[in-house]
Amino acid sequence: MMKIILLLALLCVGIYAQDEKDVHVLTSSNFDDFVNNEDISLVEFYAPWCGHCKKLTPEYAKAATELKDIGVKLAKVDATEQGELAQKFGVTGYPTLKVFRSGAPTDYKGPRDAAGIVSYMKKQATPSITNLKSTKDLDKFVKDEAAVIYFGDSDAPLYKTFEKFASKHREEYRFATSSDADVLESSGHKDQIVLVQSKRYSVSPLETAKVIASDEHHTSDGLLSFIKGNLLPLVGEITADNLPLYKSVGKPIVKIYQDIDWQLNSKGANYLMNRVRKLAKDYKDKFTFAIASTKGHQSEINDAGLKGSSPFAIHNEKGHKYPGSSAFSVESLKQHLEDFLAEKLEPYLKSEAVPSSQDADKATVVVGKTFDQIVNDPTKDVLIEAYAPWCGHCKTLAPKYDELASKMKEYDSVVIAKIDATANDIPSNFAVKGYPSIFFVPANNKATPMSYDGSREVDGFVSYIKKHASIPLKKSVKADGKDEL
């Protein structure tokens with residue numbers, strides 16, 4: 001019987017190893033050679049004890065086998081053994097996946113199943129620049145979305161800069177090129193990089209149809225600055241897909257919540273947008289403006305305490321919401337903008353009632369109104385769990401998390417906290433992607449919370465805190481006068 005069990009165990013190990021035969025194992029000694037010599041590759045930074053990593057392993061292996069046929073290699077790095085590599089590429093949670101293009105890394109933003117990884121990486125392996133062979137191609141390409149286009153021959157030095165930039169930023173922006181004589185003649189451009197606004201918006205005389213990149217923008221940093229400064233229309237439509245673009249501008253976003261239908265009522269859509277544009281042109285240096293569909297943003301509308309038809313709100317860079325008190329009109333929005341600039345508005349905050357007391361032997365309860373006071377306290381290293389009351393994993397974690405809080409209460413510099421993420425607002429720099437989401441917020445860096453993906457046992461939490469604490473752990477002075485490390 002023992003022989004059979006041993007045989008099965010060896011067979012399973014053999015199958016497991018065989019499954020990963022197409023996943024390259026990287027260390028500090030071979031990492032640079034691997035990523036620098038591949039046009040495109042995908043690298044997973046993992047921890048052997050990580051449950052999410054174990055779940056990904058067979059999917060990642062299947063994807064590696066399928067993708068090798070098109071020359072896309074997948075690799076993995078044990079981040080617990082290769083700490084310098086993990087630190088170099090900003091790995092704070094597991095698994096972290098990075099796409100490398102001839103050594104240059106970008107974040108992997110695709111699914112984590114085999115089919116999804118294959119689909120995502122195949123798209124990544126296709127050209128980042130669309131070749132426009134006719135004026136019809138050009139019109140179609142910019143019909144609904146803006147694009148950055150190089151007009152001219154592909155052997156020009158400026159094109160090489162454009163090509164490299166497009167490869168790096170293919171996830172964020174749309175790129176095209178054309179050397180067709182008819183396209184060059186009709187566009188009036190040659191050897192130029194031009195940001196062309198979508199036809200949907202550029203029909204309005206209040207919008208800028210296109211902007212030419214000047215010589216100062218003919219570098220990677222210059223092009224990025226040029227695109228960020230000109231990509232968004234004066235008034236556009238904001239969606240989950242383009243929200244990062246709006247946030248990247250670094251200005252408060254003014255959202256008017258209303259459903260528009262370009263196919264059935266394009267005149268009505270343009271009428272609404274032109275009303276907003278007439279106001280936006282005077283405030284474009286202070287804000288970005290957008291129409292947000294009520295259907296796609298209902299939870300956001302509820303979270304901002306908005307009611308009635310055509311509500312509006314200002315969302316600042318910190319994630320604070322400043323809802324209007326009436327339906328949209330040019331006059332009401334203008335007054336709201338002026339009040340915001342004059343700092344007369346208070347942000348709307350979804351919050352449970354502030355607890356009247358805290359249990360010293362349990363995790364500190366944080367609500368929306370106390371988040372800044374507790375979590376962003378510059379004298380405390382804080383571990384905070386964002387949970388949902390109905391979440392099974394959260395319920396399983398609860399007793400262990402309270403035990404951790406009781407164990408760590410001896411350290412004045414550490415706070416173990418929790419917040420009901422379904423009933424309280426959490427700042428936007430805390431990326432809650434599921435429940436529970438746990439973050440470590442060091443005392444010396446409150447702006448960048450670290451996503452915790454370590455062991456969910458008490459000892460695992462303690463080890464993590466000891467390793468990442470920004471304030472040396474020192475026990476409080478006890479009644480017996482002992483001061484222990």
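## Close-up views of a predicted model

About 30 Å³ of space lies in the largest cavity. The model is predicted, so local features are given at pLDDT of at least 70 and side-chain atom pairs at pLDDT 80 or more, while totals for chains, interfaces and linings use all residues. Residues are numbered from 1 along each chain as its sequence is written, and side-chain values use heavy atoms, with hydrogens and water left out.

**View 1. The largest cavity and its lining.** A cavity is a set of points on a 1 Å grid over the protein atoms alone where a 1.4 Å probe fits but cannot get out, and lining residues have an atom within 4 Å of a point. Grid points are joined across faces, edges and corners, and a volume is the space filled by probe spheres set on the points. One cavity of 30 Å³ or more is counted. Tyr173, Ile227, Lys228, Leu231, Leu232, Leu245, Ser248 and Val249 line the largest cavity. Two or more of these residues come from each of α10 (220–230) and α11 (243–248). Helices (H or I, at least four residues) and strands (E, at least two) are DSSP runs, numbered from the N terminus. By class, the lining holds six nonpolar residues, one polar and one charged; Ala, Val, Leu, Ile, Met, Phe, Trp, Tyr, Cys and Pro count as nonpolar, Asp, Glu, Lys and Arg as charged, and the others, Gly among them, as polar.

**View 2. Helix α16 and its bend.** Helix α16 (residues 392–408) has 17 residues and reaches 25 Å from first to last C-alpha, close to the 24 Å expected at 1.5 Å a residue. The expected span is 1.5 Å times one less than the number of residues. At Ala398 the helix α16 bends by about 40°, and Pro399 follows within four residues; the bend is the angle between axes fitted to the seven residues ending at a position and the seven starting there. Cys394, Leu397, Tyr401, Asp402, Leu404, Ala405 and Met408 are the buried residues of α16, where buried means under 20% relative accessible area, exposed over 50% and partly exposed in between (1.4 Å probe, protein chains only). Their cover includes β17 (381–387), β18 (414–420), β19 (437–441) and α17 (458–468).

**View 3. Helix α5.** The 12 residues of α5 (residues 114–125) reach 16 Å from first to last C-alpha, close to the expected 16 Å. Buried residues of α5 are Ala114, Gly116, Ile117, Val118, Tyr120, Met121 and Gln124. These pack against β2, α3 (51–67), β3 (73–78), β4 (96–101) and β5 (104–107).

**View 4. Ile40 in a loop.** Ile40 lies between α2 (31–36) and β2 (41–46) and counts as buried at 8% relative accessibility. Leaving aside residues up to four places away in sequence, Ile40 touches Val72, Lys73, Val99, Phe100, Arg101, Met121, Gln124 and Ala125; contact means heavy atoms within 4.5 Å. Ile40 and Met121 are 81 residues apart in sequence and 8.8 Å apart in space, C-alpha to C-alpha.

**View 5. Asp144 in a loop.** The loop that holds Asp144 runs between α6 (135–141) and β7 (147–151). Asp144 is partly exposed, with a relative accessible area of 39%. Beyond residues up to four places away in sequence, Asp144 touches Ser198 and Arg200. Asp144 is 55 residues from Lys199 in sequence and 6.3 Å from Lys199 in space, C-alpha to C-alpha.

Conventions: 1 Å grid on protein atoms, 1.4 Å probe; cavity = no way out; pocket = protein on both sides within 12 Å on 5 of 7 lines; lining within 4 Å.
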